Amino acid sequence: MPSHARTVTRTTHRVRNALLVVLLLLVVCAAAAGFSGFKLYKSAMSAKAHLNNVVNAAKVIKDGSTDDMVKALSDVSYIQKEAAAAKQDVSGGLWTLAEKMPVVGGDVKTARTAIGTIDDFAQTTLPQLGKVVTTLTGASLSSGDGQLNMEPIIAAAQQLATVDQSVQSQARTIEDLPDAKLGVVNNALQNGKTQMAALAQVTENLSGMLNMLPNFLGANSAATTCCLPRRIPRSAEPAA
């Protein structure tokens, strides 16, 4: 075989081999992308299921009767477990990488922030709210001499003022999140904004009611009045 022909043959083989390597790399990358996409989808569906459980359990607190609310707040471990599981589902390097993807990266970041805020509410704020309810339901309002015992109400008002501050902050965090581009994500986000805003309104109303209750019941002494925390309505708060 002439040297020229051998050179052409070797060049053809090298080109073919290079193309095969490139093709193999593309197949591997496509498989990896498909596997990663499947993992993201699977964990996203799991997070959605856990969040649905959180929402359904929290509805009793927000919309149920007083007895149902007291019962639900006496043990919030289920809500905490489901919220933590949802946060775990969207944690890890794969989700961090997904935040940097074009088009959907912003939606991923929004969803992770919302889930993290809900988990923070479940782990820190919800137990404090349960403590307020325990303080009120487990206390006696009679001082034993025919007078009203205002100390449990004052203690609950102080606790609830702290709870309300946390809820307002968490509600603002979710409210300030940008609208998502993907319809399914945006629908869930808007529902989350509505639910958190409603919950923030509930804690604000309860805080105001507890602040006024001692005076309404006739406890007008300076000692009682000075101990009550003051709550500024959201409409009167200075703009950030």
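**Salt bridges and the fold around them**

Analyst: Let's start with one pair in this predicted model: the side chains of Lys87 and Asp119 meet in a salt bridge, with 3.9 Å from N to O. Lys87 sits in helix α3 (residues 77-89) and Asp119 in helix α5 (residues 105-137), so the pair links distant parts of the chain, 32 residues apart.

User: Is Asp119 buried or exposed?

Analyst: The cut-off for buried is under 20% relative accessible area. Asp119 comes in at 8% relative accessibility, so the label is buried.

User: How far apart in sequence are the parts tied together by Arg112 and Glu99?

Analyst: The side chains of Arg112 and Glu99 meet in a salt bridge at 3.0 Å, N to O. Arg112 lies in helix α5, while Glu99 is in the loop between α4 (93-98) and α5, so the parts this pair ties together are separated in sequence by 13 residues.

User: Which accessibility class does Glu99 belong to?

Analyst: Glu99 has a relative accessible area of 26%. Buried would need under 20%, and exposed over 50%. That makes Glu99 partly exposed.

User: Which residue forms a salt bridge with Lys193?

Analyst: Lys193 lies in helix α7 (residues 183-216), and its partner is in the loop between α6 (151-175) and α7, 14 residues away in sequence. The closest N and O atoms are 3.6 Å apart, and the partner is Asp179.

User: Within that pair, what are the accessibility classes of Lys193 and Asp179?

Analyst: Lys193 has a relative accessible area of 9%, so Lys193 is on the buried side. Asp179 has 54%, and the cut-off for exposed is over 50%. So the classes are buried for Lys193 and exposed for Asp179.

User: Zooming out, how many helices does the chain have?

Analyst: From the N terminus on, the elements run α-α-α-α-α-α-α-α. There are zero strands, and the helix count is eight.

User: What share of the contacts with a separation of 6 or more comes from residues 24 or more positions apart?

Analyst: A contact here means heavy atoms within 4.5 Å. Among contacts in the chain with a separation of 6 or more, the share from residues 24 or more positions apart is 69%.

User: Last one: what percentage of the residues count as buried?

Analyst: The chain has 240 residues, and buried means under 20% relative accessible area. The percentage that count as buried is 30%.

Notes. Residues numbered from 1 in each chain as written. Predicted model: local features only at pLDDT ≥ 70, side-chain atom pairs only at ≥ 80, totals over all residues. Heavy atoms only, no water. Helix = DSSP H or I, 4+ residues; strand = E, 2+ residues; numbered from the N terminus. Buried < 20%, exposed > 50% of the residue type's maximum accessible area, 1.4 Å probe, protein only. Salt bridge = Lys/Arg side-chain N within 4 Å of Asp/Glu carboxyl O.
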